[in-house]
Every structure is written in structure tokens, then in C-alpha cells.
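Have the model open and follow along.

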Amino acid sequence: MSQLTGLSYVVKVGGSVLEHPGRVKGLCRVLAEVARLKPLLIVPGGGEVADVVRRLYAGYGLSEDAAHFMAVLAMDLNAILLSDVNNSFRLVRDVEEAVKTALEGLVPVLAAVSYTHLTLP
């Protein structure tokens, strides 16, 4: 049985969408409405913060491990942003917590560092 049992959809909110606050707020309202009918999990992209990580990676010659960890942290920053934009959204750390949150009628937003169990490089 899949860990995602209880969730109908996984929605990736790309980082480029996050550059437009009005669009984000509208998208969050729509996703909250959809989630009332079909429980879903939101996974944010890294957006502008991930772009900064890419520049730092190239400019400083960072290791792959450090750059990857930083990029996942960028996703988490956006997860915090999304979970704060709409009262129906809740930050979650794993799929089990996501399913529980969805069953409570809320929209889970995944914090990727916790889920991936990454450790500092």
C-alpha cells in the first residue's frame, strides 16, 4: 500500500510562481477549494532562493552535497511561506503527517528537509 493513501493529488508549486504574490494567493485559494473535494499534498519549489544557491554553487565552487542541502532548504523556506499565506495550509514533515492533516480538512505543505532526512554536509 502506498504511503500516499489518503491523498488524491501531489501538487508541485513551482518556484517561479512564488515570484507573484497575487497569483500565489489566488492559487492557494483554489487549491484549498480543491482539497475540500480531493485531499492533496503541496510540494513547493525553491524559486528565487534556489537561483541564489545556483549562483553560490558556481561562484564559490560549493560541493554538490552543500548545494543540494541548500536547495532543499530553499524549498522549505517556500513551504513556510505557503503555509502562512492561507489559513487552510499546514506545514508537515512527512507523508504520514500530510495524510493526517488532509483528513482534518487542511492542506498539507511538505517541508522537504525533514522528509528527505538530509543531514548537514
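Start at Phe89: setting aside its neighbours within four places in sequence, Phe89 is in contact (heavy atoms within 4.5 Å) with Cys28, Leu31, Ala32, Ile42, Leu82, Ser83, Val107 and Val109. Before going further, a word on what you are looking at: this is a predicted model, in which local features need pLDDT of at least 70 and side-chain atom pairs count only at pLDDT 80 or more, while totals for chains, interfaces and linings use all residues. Residues are numbered from 1 along each chain as its sequence is written, and side-chain values use heavy atoms, with hydrogens and water left out.

Together with Ile42 and Leu82, Phe89 has the most contacts inside the largest nonpolar core, which has 14 residues. Such a core is a set of buried Ala, Val, Leu, Ile, Met, Phe, Trp, Tyr and Cys residues joined through side-chain atoms within 4.5 Å; buried means under 20% relative accessible area, exposed over 50%, and partly exposed in between, with a 1.4 Å probe and protein chains only. At least two residues of this core come from each of helix 1 (21-37), strand 2 (40-44), helix 3 (64-85) and strand 4 (107-110). Helix 1 gives the most, with 5 residues. Apart from this core lies another, of 9 residues, including Val43, Val95, Val99 and Leu110. In soluble globular proteins, nonpolar side chains tend to be buried together.

Now step back to the fold. There are 5 helices and 4 strands, where helices (H or I, at least four residues) and strands (E, at least two) are DSSP runs numbered from the N terminus. Along the sequence they follow the pattern β-α-β-α-α-β-α-β-α. Of the contacts with a separation of 6 or more, 66% join residues 24 or more positions apart.

How does the radius of gyration agree with that of a compact globule? With 121 residues, a compact globule would have a value near 14 Å, and the protein has 15 Å, which agrees; the radius is taken over C-alpha atoms, and the globule rule is 2.2 Å times the number of residues to the power 0.38. Along the principal axes, the C-alpha atoms fill a box of roughly 45 × 35 × 20 Å. Of the 121 residues, 37% count as buried.

Finally, visit Glu96, in helix 4 (residues 95-103). Glu96 counts as exposed because its relative accessibility is 68%. Glu96 and Glu64 are 32 residues apart in sequence and 29 Å apart in space, C-alpha to C-alpha.
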